[in-house]
Each structure stands twice: as C-alpha cells, then as structure tokens.
Amino acid sequence: MDIQTDSRDGQKKYWGRWLGLTLGLTVLGLAALGGLVAVVDPFFHYHGPVKGLAYTLDSERYQNDGISRHFTYDAVLTGTSMTENFKVSLFNQLFGVDAIKIPYGGGYYKEVDEAVWRAISYHPQIKMVFRSLDKSFLMYDKDEWNPTAPAPDYLFDRNPWNDVDYIWNKEVIFGNIRSILNRTKAGADMTTFDGYMHWAPDKEWGREAVLKTFVRPEGNMEPVPFTMEDRQMVEGNVEQNILAVARANPDITFYCFIPPYSIAYWDSELVAKGDFERQLTALRLMADMLLTCDNIRLFGFDDQFDIICDLDNYMDVIHYSEQVGDRILEWMAAGEHRLTRDNVDRYFETIRDFYGSYDYGRIYD
C-alpha cells in the first residue's frame, strides 16, 4: 500500500471539497446580495418603491430613469438645476396633473431630451412635459453631453447583462440600501418629489454670496460675432433636442421656459466677454424655431428685471431661489410671460435695450 499516494488523494479530495464549498458559498452570497438589490431596488430599475420602505430620492442620474419607468404619472417636470428646487406639489396643484420630477443638474440639451423620449416611451399617454431651456447650453453641439455628469448607461440601455454593475455594486449595497433600511427602521418616510434634489435651504443667498462665485473680466472685450457655425449649432440643437420630440408627439403639450439668470450673469458672462449680442441672436433663433410648433408653449423671463437685478434672489450668477421658482410656475400656469409671434419682437427689443444700457457698475458698489 502506497501511503504517499493515499495522502495525496486525500489532500485532493479535501481541497476539492473546500473549493466546491467556497465556490458554492460565494455563489450563494452573490445571489443573496444581487437578490437584495433587486428586491429593494433603490434606483427603481426593476420596479417601483416597495411599500413600507423609506426610499431616499437623492441621486438624479441614477434614479431618474427608474422613476420615469415605474412610477405612475401624467406629466414630466425636467430640465437642469433650474428646476431642482421646484415643488411638485405646487406644480400639480397649478396644472392639474400628477407629475414626476426628473431634473439633470448641468444637463445639456441632449441629455434632457433623451430622458424625455424615454419617459414618453414608458408612458405614451402623458399629457405634459415641462422643461427649462438654459441659455448657457444653447450653443453646444446637438450631441454633446456634459463631460462632468455621470452617465450610468447600464440603468437605461436595455442591456440586461451589464446590470451586474448595479446588482453587485458595493456602493448600492452598503450605501443606498443600508440608508433605506436604516431610515425605515427609524420610522422615516420616503422622500417626496418636493424634497428630491431640493438643495436651496443649504445654500448661502444674496449679493455677497453671488459676488464670491465669480471674477469679472477686466474691461469689456470686443463683441463676438454670431457666425454661421453658431447658427448651425443652435439649429441642430433645437431641432434635434427640443422640436423632434414635440413634433412626434402632437398630443403632448410641451411647456418650455428660458430661466431668469441674474444681472451678474449678463455682466460677467455676456457683456464683459463680448457675447451679449451673440447670445441674444441665439436665443431669438431658438424662439423663432420653437414658435413654429403648435404644441410647444415657450415662456421667457429675461424681462423680469425686478427679480434679475435683485441679487438677494440668487446664490450665484444663475441659480435663483425657490420663491422665484414658485413664481415661475404660477406665471406659466396662468399663461403669463408666454412668447408668441405677436410679442416676441417686443420681448427681445426690451431685453436688448435694458441689458445693453444697464449700469453694471452698480452690481459692485
């Protein structure tokens, strides 16, 4: 009898059993963790909220697609950070809808447009889309995406195989799910859409706060011309990322608004840099294009000078207070400050005259 051979056979059996047990436990562990993610589903990738769990809504680019896919609604409130502090409860009351809020802070036109298309594909019977149209992103290529914004394609590309990036994501398991379970245990409620991406109370507001956020260029640069390339950029952006979805869905009303950036923006980003006339030309081109579409209602607030010139309404050169957001919703629901073919000339003449002759030195006195 070969004792050495028996010993080697015994070791092989031992390590074989150990390997099998280890692999089995690993598979079971992974299945349990993946199953936990799928059941709780903090990003609503597979289903809506589980009743009784206190979900935290705080990750717009990770949760928005799931919200638009699995929640019940008949209207969509979206756009950039210009809409993050909007109160959905007020929006629903004013417009008579049951809306979701899916904002994209810093989102270029293409990103927001893709979200609108997806929401309509999930809920073809919705009756309203409400979105901001930021002037600062207008002269970007129609396919450009904010390079600083996360793009979790695995959550909305319809490819089930890359869901591994979600169901076995340690941040999801030990961060999002742990937070939900802890909040539930503590008796908290699920975040409301009013609270979703609602950052205004945590910010410093007013003139001093705004002046800390930028440095005005010395003097005024020479005017930058609006070129043919600029025209093609604006036309491509507006046609692809606003008009196409509206024309394809004539039964949906699209409420679009140009947000009221502060007087400090008009000075530091436009007049001082020679971009004033170029920006106005781009805005006018966008307005003319959108006014050709019957189911788009376009609103402009750059003539609300009492708001724009009072820096107490702002935290930086563009972000206005939630009180201003409330007024925007109220105005739009009432049809006030809507741009039409009859008043668009007067609107742009008014803002050109005002910002073209404003004494910007008063901002810094």
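Predicted model: local features only at pLDDT ≥ 70, side-chain atom pairs only at ≥ 80, totals over all residues.
Biologist: Which strands pair with strand 1, and over how many bridges?

Modeller: Strand 1 pairs with strand 2 (residues 99-103) in the parallel sense over five bridges, and four bridges join strand 1 to strand 3 (residues 128-132), again running parallel. You can follow this residue by residue: Val76 stands opposite Ile100 in strand 2, while in strand 3 the bridge partner of Val76 is Val129. Further along, Gly79 stands opposite Pro103 in strand 2. Between strand 1 and strand 2 the chain passes through helix 3 (residues 88-95), and this β-α-β crossover is right-handed.

Biologist: How should I read the side chains of a strand, and are the faces of strand 1 covered or open?

Modeller: The general idea is that in a regular strand the side chains alternate between the two faces of the sheet. In strand 1, Ala75, Leu77 and Gly79 lie on one side and Val76 and Thr78 on the other, and all of these are buried, so that both faces are covered. Five of the five residues of strand 1 (residues 75-79) are buried, and the strand is therefore largely enclosed by the rest of the structure.

Biologist: What describes the way two helices pack, and at what angle do the axes of helix 4 and helix 8 cross?

Modeller: Two packed helices are described by the angle between their axes and by the distance between the axes. Here the axes of helix 4 (residues 109-122) and helix 8 (residues 228-248) come within 9 Å and cross at roughly 15°. Angles under 35 degrees count as roughly parallel, and helix 4 and helix 8 are therefore roughly parallel to each other. The crossing in which helix 4 passes helix 8 is left-handed.

Biologist: Which residues of helix 4 and helix 8 meet?

Modeller: On the side of helix 4 they are Tyr109, Lys110, Asp113, Val116, Trp117 and Ile120, which meet residues of helix 8 including Asn237, Gln240, Asn241 and Ile242.

Terms used:
Residues numbered from 1 in each chain as written. Heavy atoms only, no water. Buried < 20%, exposed > 50% of the residue type's maximum accessible area, 1.4 Å probe, protein only. Helix = DSSP H or I, 4+ residues; strand = E, 2+ residues; numbered from the N terminus. Pairing = 2+ DSSP bridges. Right-handed = clockwise from strand over helix to strand, strands pointing away. Axes fitted to C-alpha atoms, helices over the stretch in contact; angles between N-to-C directions. Parallel < 35°, antiparallel > 145°, perpendicular 65-115°, else oblique. Left-handed = near helix turned anticlockwise from the far one by under 90°. Contact = heavy atoms within 4.5 Å.
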